[in-house]
Amino acid sequence: MTHISNPRVCIIGAGLAGLTSAKYLKEEGIKFVVLESTRYVGGTWRYDSRVGYDENGLPLHTSMYMHLRTNLPKPTMELRGFPLPDDIPSFPSWKIYYNYIKDYAKHFDLERDIKFLHNVILVSRVNDIWNVKYQNVLTGEEFEDEFDFVIVGTGHFSKPNMPNIPGEEKFSGSIIHSHDYRDPIRYKGRRVLVVGAGPSGMDIAIDVAYAAKTLVHSHHSKINFRTVFPKHYIRKPDVQEFNETGAIFKDGSYEDLDDVIYCTGFQYYYPFLDESCGLNLTPQSVTPLYKYMVNIYQPTMLVMGLVVRACLVVALDAQSRYATALIKGNFTLPPKEEMLEEWQKRADSIISRGRPISDIHFLAEKEDEYYAELTKESGIGRVPPVMFKIRAIDTEAKLENLYTYRNYAYTVIDNENFVRSLDNITENNSGNNL
């Protein structure tokens with residue numbers, strides 16, 4: 001990819017990916033515009049009590065619920081160059097964290113470069129340039145602009161992945177996806193089934209259990225959760241089918257139910273990207289991507305924040321710095337064939353283990369190695385190894401007790417070390433009391 005002088009960049013979405021990208025591009029004096037379909041910054045971090053569609057007829061992007069607190073501790077949620085306030089909890093509420101995002105946008109004067117209420121309709125590659133078509137959601141007026149680079153920052157937590165279990169149409173109660181879950185009050189005294197045991201599944205199951213008469217939790221996770229759940233929590237295997245009054249499970253057992261909440265994850269959904277973009281888009285994956293973000297066939301497009309099992313905020317910030325360094329011309333990507341070969345090795349490894357291709361987005365134990373690679377290639381500041389170490393210890397705390405893991409506070413000592421405190425007991429990251 002040859003260096004483009006005076007590049008013009010289109011950023012799609014004003015959530016964390018879009019805001020961090022805007023911040024770093026602005027610091028380098030690179031021309032850009034952010035296209036945001038709502039009138040707000042913050043993407044999924046903005047709570048909205050409504051479900052379905054917004055006042056302009058667009059699907060509500062946010063999956064935020066009333067009682068949500070971050071599921072990663074404060075140091076891993078901090079954006080580079082903008083410290084989180086010292087006096088906020090170790091695992092802040094959505095409201096505290098959303099205010100932090102708004103303060104970030106204000107501090108770096110990012111809103112002046114955001115076109116609010118402009119929804120991207122189509123992104124096409126035409127004559128070696130990106131053609132972006134977008135619409136004013138209030139007037140319906142359509143626009144087309146040309147850009148040298150496109151940064152896709154719309155995330156992947158807004159299009160529900162529905163399991164479509166037999167008999168759903170017979171069930172007389174309510175069925176929703178976690179995307180539309182807002183508050184446990186509506187489930188007071190009711191018999192509720194939660195399906196799924198990912199981060200949202202575990203968190204929402206606990207939230208609903210405070211109000212529900214019975215909380216039935218169906219999942220097939222092999223993770224050894226050691227949490228002691230309340231007596232009205234009933235663990236079940238996968239659902240075989242629904243009938244009018246409840247669910248039959250794969251073990252043949254049955255439970256009467258009033259409501260069902262699917263915590264079955266989200267689909268990768270980019271309806272505005274056409275075939276000329278060169279990506280293979282499925283509900284389960286976006287491929288092929290170099291370094292988890294660079295569109296290999298059209299490397300002037302970067303798709304941000306698709307990493308799974310990582311400190312997502314830290315990863316997004318690093319990806320935004322990498323993207324800015326690439327756009328500025330600080331480094332050159334390898335030839336397409338080399339990028340494809342690296343990607344194919346990862347894909348082959350996943351397939352050889354009998355895993356689904358969706359694992360191509362997982363960082364997991366390779367997270368710190370990923371940050372080192374980004375730095376080595378692009379010259380950006382290294383994400384400190386301590387971030388991955390904190391996430392590893394926090395994961396253990398979740399396995400130990402989902403009710404208490406947020407009681408820990410994590411304090412970074414240096415790039416490698418941190419201390420964890422709970423009830424006046426402080427440990428270093430070797431697990432020794434201080």
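Reader: Which backbone nitrogen lies 3.1 Å from a polar atom of the side chain of H361?

Author: That of V286. A polar contact here is a pair of N or O atoms within 3.5 Å; within protein, one must be able to donate a hydrogen and the other to accept it, and residues adjacent in sequence count only if both atoms are side-chain atoms. This is a predicted model: local features need pLDDT of at least 70, side-chain atom pairs count only at pLDDT 80 or more, and totals for chains, interfaces and linings use all residues. Residues are numbered from 1 along each chain as its sequence is written, and side-chain values use heavy atoms, with hydrogens and water left out.

Reader: Where is H361, and is it buried or exposed?

Author: H361 sits in the loop between α5 (336-352) and α6 (367-378). Helices (H or I, at least four residues) and strands (E, at least two) are DSSP runs, numbered from the N terminus. H361 is buried, with a relative accessible area of 2%. Buried means under 20% relative accessible area, exposed over 50%, partly exposed in between (1.4 Å probe, protein chains only).

Reader: What does H361 touch?

Author: Leaving out residues up to four places away in sequence, H361 touches Y268, Q284, S285, V286, L289, Y292, L306, V307 and V308. Contact means heavy atoms within 4.5 Å.

Reader: New topic. How many disulfides?

Author: The structure holds 0. A disulfide is counted when a pair of cysteine sulfur atoms is within 2.5 Å.

Reader: Now the sheets. In what order do β4, β5 and β6 come?

Author: The order is β4-β5-β6, in an open sheet with antiparallel pairing. Two strands pair if DSSP finds at least two bridges between them. β4 (118-126) and β6 (142-147) are at the edges with a single partner strand each, so one side of each has no neighbour in the sheet. The twist averages 20° from one strand to the next. Axes for that are lines fitted to C-alpha atoms, for helices over the stretch in contact, and angles run from 0 to 180 degrees between N-to-C directions.

Reader: How many bridges join β5 to β6?

Author: 6 bridges, between antiparallel strands; β5 covers residues 129-136. N131 has E146 in β6 as its bridge partner.

Reader: And what does β7 pair with?

Author: β1 (residues 8-12) pairs with β7 in the parallel sense over 4 bridges. There, V9 stands opposite F149. β20 (residues 301-303) also runs parallel to β7, joined by 3 bridges. I151 stands opposite L302 in β20.

Reader: Are the faces of β7 covered or open?

Author: Both are covered. F149 and I151 are buried on one side, V150 and V152 on the other.

Reader: What is the phi of D109?

Author: Positive, about 55°, although D109 is not a glycine. Most residues other than glycine have a negative phi, and most peptide bonds are trans. D109 lies in the loop between α2 (94-107) and β3 (114-115). D109 is partly exposed, at 33% relative accessibility.

Reader: And N164, what phi?

Author: N164 also has a positive phi of about 55° and is not a glycine. Its loop runs between β7 and β8 (174-177). N164 is exposed, with 59% relative accessible area.
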